[in-house]
Amino acid sequence: MIVKNLYDDVIGTDADVDSKQWNSRRLLLAKDGMGFSVHDTLIKEGEDLHLWYKNHLEAVYCIEGEGEIYDKATGITHPIREGTIYALNEHDQHILSANKGVQMRMVCVFNPPVTGRETHDKDGSYNLPE
Ligand SMILES: CC(=O)NCC[C@H](N)C(=O)O
């Protein structure tokens, strides 16, 4: 069994990846052997994240804050608030943003699992390990 705590075991370690637009606290990673990774991620306010996970499926569950996701294929903008989940089951190209003055806190699950320190490439993807 694996038991970890965000505050005791993740924040401030290698599994805590900070960028201009988000702060991803990676609770479970590929090395944990689950077949998916689980992240507690903060989306910073005032940032438009252009994302396209070509190599991964991702489900994202909002537990704090408000924002929106724009689906580039349909042109539809979906509001996000606490309790909203979205699943990028078609490797959907999208733009994610938190509303002005708030950050969003999201639980993100990736399949295949993220291995550790991934950050987005120019297309908004994470590369697979070699
Ligand atoms: C929701 C989302 O994709 N945010 C970008 C960061 C990423 N999910 C991560 O936690 O690695």
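How many cavities of 30 Å³ or more does the count come to? The count comes to one. This is a predicted model, in which local features need pLDDT of at least 70 and side-chain atom pairs count only at pLDDT 80 or more, while totals for chains, interfaces and linings use all residues. Residues are numbered from 1 along each chain as its sequence is written, and side-chain values use heavy atoms, with hydrogens and water left out.

**The cavity**

- Rolling a probe the size of a water molecule over the atoms shows where empty space is left.
- Here a cavity is a set of points, on a 1 Å grid over the protein atoms alone, where a 1.4 Å probe fits but cannot get out.
- The largest cavity has a volume of about 110 Å³, a volume being the space filled by probe spheres set on the points, which are joined across faces, edges and corners.
- Its lining consists of 17 residues, and Thr41, Ile43, Tyr53, Glu58 and Cys108 lie nearest the centre; a lining residue has an atom within 4 Å of a point.
- Strand 2, strand 3, strand 4 (48-51), strand 5 and strand 10 each give two or more residues to this lining; strands are DSSP runs of E, at least two residues long, numbered from the N terminus.
- By type, the lining has 12 nonpolar, four polar and one charged residue. Ala, Val, Leu, Ile, Met, Phe, Trp, Tyr, Cys and Pro count as nonpolar, Asp, Glu, Lys and Arg as charged, and the others, Gly among them, as polar.

**The ligand**

- The space taken by the ligand is the largest cavity.
- Around the ligand are 16 residues, the closest being Ser24, Arg26, Thr41, Tyr53 and Tyr126 (near means a heavy atom within 4 Å).
- This shell holds 10 nonpolar, four polar and two charged residues.
- Polar contacts are pairs of N or O atoms within 3.5 Å. An oxygen atom of the ligand is 2.7 Å from a side-chain N or O atom of Thr41, and one is 2.8 Å from such an atom of Tyr53.
- For Tyr126, a polar side-chain atom lies 2.6 Å from a ligand oxygen atom.
- The protein covers 100% of the 310 Å² of accessible area that the ligand has on its own, using the Shrake-Rupley method with a 1.4 Å probe.

**Two backbone details**

- The peptide bond from Asn111 to Pro112 is cis, with omega near -5 degrees, and Pro112 lies in the segment after strand 10.
- His91, a residue other than glycine, has a positive phi near 50 degrees; His91 is in the loop between strand 8 (85-87) and strand 9 (94-98).

Methods: A polar contact is a pair of N or O atoms within 3.5 Å; within protein, one must be able to donate a hydrogen and the other to accept it, and residues adjacent in sequence count only if both atoms are side-chain atoms. On a 1 Å grid over the protein atoms alone, a cavity is a set of points where a 1.4 Å probe fits but cannot get out, and a pocket is an open set with protein on both sides within 12 Å along at least five of seven lines; lining residues have an atom within 4 Å of a point. A molecule sits in a cavity or pocket if more than half of its atoms lie within 2 Å of its grid points. Helices (H or I, at least four residues) and strands (E, at least two) are DSSP runs, numbered from the N terminus.
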